[in-house]
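Here is a short briefing for someone meeting this structure for the first time. Keep the sequence and the 3D view open while reading.

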Amino acid sequence: MEKERKIKTLSLVALIVAVLGLTVAFAALSQQLTISGTARVNTAEWSIHFANLGEAQITGTAKENATPNLNDTSITGLDVSVMKPGDKIVYTFDIVNDGTINAKISSFTNFALKEGSEALSDKITYGIYYDDDTPINQNDTLNQGDTKHAKIVVEYNEEATEVFDTQMTIFENANATINYVQAD
């Protein structure tokens with residue numbers, strides 16, 4: 001009976017050692033991985049606007065009938081006249097991206113001739129251009145912190161060989177629009 005008790009005790013100790021050994025072996029073969037950190041959405045600012053409207057640059061007998069006004073998103077009150085070939089009036093201004101988001105032009109609509117003034121189309125140049133005379137186009141970019149120099153031009157073409165004996169309106173209460181959206 002004493003021998004049987006020793007065998008049972010040894011069997012119990014062997015079983016405990018085996019269970020402990022399996023636990024240690026399992027712990028050695030497993031690994032806990034941890035990922036910790038913080039995620040934020042930082043503030044962004046959308047700030048595209050006009051700035052620095054210059055005084056009229058007049059060539060020939062062109063005339064500024066009213067001084068245009070500039071606020072952040074519009075230039076209003078443009079009223080100019082040209083009389084003969086070579087007359088020209090130009091206003092310079094800046095398009096500024098003070099925001100933190102790159103932008104691109106989604107659409108651009110230049111001034112349109114007033115209905116009935118088609119006879120002027122080959123004699124008068126008018127519209128909004130970049131200061132290097134390149135046209136403003138859809139998908140042009142304006143990156144954060146950048147400024148594009150632009151100009152409004154109304155010009156009686158020098159090559160024109162006739163003048164008009166009645167006053168004609170080129171465009172009246174017309175709007176040119178530049179729509180910016182977030183760049184890709």
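The model is predicted. It holds three aromatic pairs. Ring pairs join Phe-111, Tyr-126 and Phe-171 into a cluster.

**The stacked pair**

- Three aromatic pairs are counted, and Phe-111 with Phe-171 is one of them.
- The ring centres of Phe-111 and Phe-171 are 4.4 Å apart, with the planes at 5°. Planes under 30 degrees apart count as stacked, so this pair is stacked.
- Phe-111 sits in the loop between strand S8 (103–109) and strand S9 (124–130). Phe-171 sits in the loop between strand S11 (147–156) and strand S12 (177–182). The pair therefore ties together parts that are 60 residues apart in sequence.
- Phe-111 is buried, at 12% relative accessible area. Phe-171 is buried too, at 15% relative accessibility.

**The tilted pair**

- Phe-171 also pairs with Tyr-126. Their ring centres lie 5.7 Å apart and their planes meet at 50°, so this pair is tilted.
- This pair links distant parts of the chain. Tyr-126 belongs to strand S9, while Phe-171 is in the loop between S11 and S12, 45 residues apart.
- Tyr-126 has a relative accessible area of 17%. Buried means under 20%, so Tyr-126 counts as buried.

**Strand S9 and its partner**

- Six of the seven residues of S9 are buried, so the strand is largely enclosed by the rest of the structure.
- S9 and S11 run antiparallel, joined by seven bridges.
- Thr-125 has Glu-155 in S11 as its bridge partner.

**A lysine over a ring**

- Lys-148 lies over the face of Tyr-130. The distance to the ring centre is 5.3 Å.

**Asn-97**

- Asn-97 is in strand S7, which covers residues 88–97.
- Its relative accessibility is 1%, so Asn-97 counts as buried.
- The Asn-97 side chain reaches two backbone atoms named here. One is the backbone nitrogen of Gly-99, at 2.9 Å. Another is the backbone oxygen of Asn-143, at 3.5 Å.
- Leaving aside neighbours within four places in sequence, Asn-97 is in contact with several residues, among them Ser-47, Ile-48, Asn-102 and Ala-103. Its contacts also include Leu-142, Asn-143, Gln-144, Gly-145 and Asp-146.

Notes. Residues numbered from 1 in each chain as written. Predicted model: local features only at pLDDT ≥ 70, side-chain atom pairs only at ≥ 80, totals over all residues. Heavy atoms only, no water. Phe/Tyr/Trp six-rings, centres within 6.5 Å; stacked < 30°, edge-to-face > 60°. Helix = DSSP H or I, 4+ residues; strand = E, 2+ residues; numbered from the N terminus. Buried < 20%, exposed > 50% of the residue type's maximum accessible area, 1.4 Å probe, protein only. Lys NZ or Arg CZ within 6 Å of the ring centre and 35° of its normal. Pairing = 2+ DSSP bridges. Polar contact = N/O pair within 3.5 Å; in protein donor to acceptor, adjacent residues only side chain to side chain. Contact = heavy atoms within 4.5 Å.
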